[in-house]
Amino acid sequence: MTIEVGEIQGYPVQYVLEKDMVFCKNTICRVKDLKAAIYSSLSREYIEEKDLSIVKDKGIIYFGCLTTTLDNIEAIRRKIKQVKRNSK
């Protein structure tokens, strides 16, 4: 089951429940990998498997060519958590 859990720069963020993955603008990543990168203490992370650079700067998150706020990421994370909880 795929559920829209938010948007980044006008692109829908889709959550794939069975695989615990998110998809946005031609990139699909495991939720745990994104979560680890975003909440890391480092300002720059790289998910080699997806060739995806994540840069964090004063509440702004850059996912390759997409930009969003940490607040938006938190809203998406909460929505994913809600979807997981409701699917049990």
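Predicted model: local features only at pLDDT ≥ 70, side-chain atom pairs only at ≥ 80, totals over all residues.
Biologist: In what order do the elements of the protein chain run?

Modeller: Helices (H or I, at least four residues) and strands (E, at least two) are DSSP runs, numbered from the N terminus. The protein chain has two helices and eight strands. From the N terminus on, the order is β-β-β-β-α-β-β-β-β-α.

Biologist: What is the radius of gyration of the protein chain, and what does the globule rule give?

Modeller: The radius is taken over C-alpha atoms, and the rule is 2.2 Å times the number of residues to the power 0.38. The C-alpha trace spans about 35 × 25 × 25 Å along its principal axes. The chain is as compact as a globular protein of 88 residues, because its radius of gyration is close to the rule's value: 12 Å for the chain and 12 Å from the rule.

Biologist: What percentage of the residues count as buried?

Modeller: Buried means under 20% relative accessible area, exposed over 50%, and partly exposed in between (1.4 Å probe, protein chains only). Of the 88 residues of the protein chain, the buried share is 35%.

Biologist: Which residues of the largest nonpolar core touch the most other members?

Modeller: A nonpolar core is a set of buried Ala, Val, Leu, Ile, Met, Phe, Trp, Tyr and Cys residues joined through side-chain atoms within 4.5 Å. In soluble globular proteins, nonpolar side chains tend to be buried together. Of the 23 residues in the largest core here, those that touch the most other members are Val5, Ile8, Tyr15, Leu34, Ile54 and Phe63. The elements that give two or more residues to this core are E1, E2, strand E3 (21-24), helix H1 (31-38), strand E6 (52-57), strand E7 (60-63) and helix H2 (70-86).

Biologist: Is Ile8 buried or exposed?

Modeller: Ile8 is found in strand E1 (residues 2-8). Contact means heavy atoms within 4.5 Å, and beyond four places in sequence Ile8 touches Val13, Cys24, Phe63, Leu66, Thr67, Thr68, Asn72, Ile73 and Ile76. Its relative accessible area is 7%, so Ile8 is buried.

Biologist: Which residues does Val5 contact, leaving aside neighbours within four places in sequence?

Modeller: Val5 is one of the core residues that touch the most other members. Its contacts, with those neighbours left aside, are Val13, Tyr15, Ile76, Lys79, Ile80 and Val83.

Biologist: Is Gln14 buried or exposed?

Modeller: Gln14 has its place in strand E2 (residues 11-16). Not counting residues up to four places away, Gln14 touches Thr2, Ile3, Glu4, Met21, Val22 and Phe23. Because its relative accessibility is 19%, Gln14 counts as buried.

Biologist: Which element gives the most to the lining of the largest pocket?

Modeller: On a 1 Å grid over the protein atoms alone, a pocket is an open set of points where a 1.4 Å probe fits, with protein on both sides within 12 Å along at least five of seven lines; lining residues have an atom within 4 Å of a point. About 490 Å³ of space lies in the largest pocket, and of its 24 lining residues the closest to the centre are Val22, Leu34, Ile38, Phe63 and Ile76. E3, strand E4 (27-30), H1 and H2 each supply at least two lining residues. The element that gives the most, with six residues, is H2.

Biologist: Where is Cys65 found?

Modeller: Cys65 counts as exposed, at 57% relative accessibility. Leaving aside neighbours within four places in sequence, Cys65 is in contact with Gln9 and Lys25. Its place is the loop between E7 and strand E8 (66-69).

Biologist: What is phi of Asn26?

Modeller: Most residues other than glycine have a negative phi. Asn26 is found in the loop between E3 and E4 and counts as exposed, at 71% relative accessibility. Its phi is positive, near 70 degrees.

Conventions
Residues numbered from 1 in each chain as written. Heavy atoms only, no water. Points joined across faces, edges and corners; volume = space filled by probe spheres on them.
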